[in-house]
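Subject: Structure handover

Hello,

Here is the structure I promised to pass on to you. Please have a look at it first, and then read on for what turned up in it.

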Amino acid sequence: MTEPLLCVRDLRVGFVTETGRVQAADGVSFDVAPGEVLAIVGESGSGKSVTAQTIIGLTRSPNSRIAGSVRLRGAELIDAGDDELRKVRGEQIGMVFQDPMTSFNPVYRVGRQIVEAVRAHRRDIGNSEAREIAVEMLDSVGIPDPAQRIDDYPHEFSGGMRQRAMIAMALALEPELLIADEPTTALDVTVQAQILALLERLNRERGLATILITHDLGVVAEVADRVLVMYAGRVVEQGTLDEIFYDPQHPYTWGLLGSLTRIDRDRPERLPQISGAPPSLQSLPQGCPFRPRCPHEFDRCPELPGLDARLAEAPAHLDRCWLEPEEKRELRQVEGQIGLEAPK
Ligand SMILES: Nc1ncnc2c1ncn2[C@@H]1O[C@H](COP(=O)(O)OP(=O)(O)OP(=O)(O)O)[C@@H](O)[C@H]1O
Ligand code: SF4
Ligand SMILES: [Mg+2]
């Protein structure tokens, strides 16, 4: 087995707010291997961005409380100094955010920003060499006429081109890990497909490890090798792409799959969106946090299920639900398709 590049163990991130403590990530653990695409999915507020940002130290603040371990090639990042982390960001871990307009400074040309990002980390490189790297990177992410377009301002690029340029900037220092947080959410479907194809190609050609954060299981199906499903700051299920799509064990995952738009068949009437709203992180229900929205709740659920392997045949497929696997396989079938039944 390939040695994991990134090891996250029991990561806890809390924020002290005026109205109480918000536990945004609560005991999150996962590995990412070189060349692997790990998707993190979950509704808004489930802790996806906080988890990703904590890996590179972006949640450090006087009111945050961070515990656990994040090791990159064995080196602990959780308590690394700010200078060391700045070096890791960019050189070893690149990051792409949802809205590239906020990541590029609108008053500087795109190329200059990539050149500066390169030179901030590589003092040995002169301006003209950094510019060559920038042109090469823009070319590799599919920007046409990169030698000319490098002198455009961010607003002269379309949304899809800005996102490509953002990826080029993240890759200019040849990181080993790319964290992409909703990289395609702001884009239309065609451009989204192009960006996903680009990420997949880079991943394959460069052996780049990728953490892809999205609330869209359609995106996950396109590119992920493994999937982490988050709910209320916790991982509720994790497994390979096939395990999550064809043998999902957690009712929340059934709900996500049921609300996935399928072009190959009509939507059954009994498969609504998951009912209710995500819980407040300040007043989680006792036990399984999905209880208020789960039509299958029973007397064991007021006790918090661990994230455990419950299938003898798939020891790396983990979930947090007390139902027996046979019950799950029966309950998740709603009108011939996997889904979460509407509450009675
Ligand atoms: N600095 C902060 N102070 C207080 N609470 C915070 C802070 N940052 C994040 N949170 C809270 O942590 C929770 C998780 O936020 P996070 O941004 O990780 O969600 P997410 O899963 O990325 O959602 P989305 O899909 O909307 O991006 C949210 O309830 C959010 O309000
Ligand atoms: S543990 Fe209980 S409430 Fe939670 S998802 Fe499973 S059946 Fe539903
Ligand atoms: Mg987010």
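Glu182 sits in the loop between S7 and H8; helices (H or I, at least four residues) and strands (E, at least two) are DSSP runs, numbered from the N terminus. Its phi is positive, near 50 degrees, in a residue other than glycine. Glu182 is partly exposed, with 18 other C-beta atoms within 10 Å. For burial, 20 or more other C-beta atoms within 10 Å of a residue's own count as buried, 12 or fewer as exposed, and anything in between as partly exposed, with C-beta atoms placed from the backbone.

Before going further: this is a predicted model, in which local features need pLDDT of at least 70 and side-chain atom pairs count only at pLDDT 80 or more, while totals for chains, interfaces and linings use all residues. Residues are numbered from 1 along each chain as its sequence is written, and chains are lettered from A and ligands numbered from 1 in the order in which they are written.

Glu174 is another residue to look at: it is not a glycine, yet has a positive phi of about 55 degrees. Glu174 lies in the loop between H7 and S7, and counts as partly exposed with 13 C-beta neighbours inside 10 Å.

Helix H7 (residues 159-171) packs against helix H8 (residues 189-206) at an angle of about 15 degrees, with the axes 10 Å apart. Axes here are lines fitted to C-alpha atoms, for helices over the stretch in contact, and angles run from 0 to 180 degrees between N-to-C directions. That makes H7 roughly parallel to H8 (under 35 degrees; over 145 is roughly antiparallel, 65 to 115 roughly perpendicular and the rest oblique). The crossing of H7 and H8 is right-handed, meaning that the near helix is turned clockwise from the far one by less than a right angle.

Now the sheets. An open sheet of 8 strands runs S6-S7-S8-S3-S9-S10-S12-S11, with mixed pairing; two strands pair if DSSP finds at least two bridges between them. Its edge strands, S6 (93-96) and S11 (308-309), each pair on one side only. Strands S7 (residues 177-181) and S8 (residues 209-214) run parallel and are joined by 5 bridges, and Ala180 has Leu212 in S8 as its bridge partner.

There is also an open sheet of 4 strands, in the order S2-S1-S4-S5, with antiparallel pairing. S2 (20-32) and S5 (75-76) stand at its edges with a single partner strand each, so one side of each has no neighbour in the sheet. S4 (residues 64-72) and S5 are joined by 2 bridges, and Leu72 stands opposite Ala75 in S5.

On to the ligands. Which residues are closest to ligand 1? They are Phe15, Ala24, Ser44, Ser49 and Val50, in a shell of 14 residues (C-beta atom, placed from the backbone, within 6 Å). Strand S1 (6-17), S2 and helix H1 (48-55) each give two or more residues to this shell, and H1 gives the most, with 3.

Around ligand 2 the residues include Cys288, Cys294, Cys301 and Cys321, as well as Pro251. Pro251 is also one of the buried residues of H11. In helix H11 (residues 251-258), 8 of the 8 residues are buried, so the helix is largely enclosed by the rest of the structure.

Best wishes
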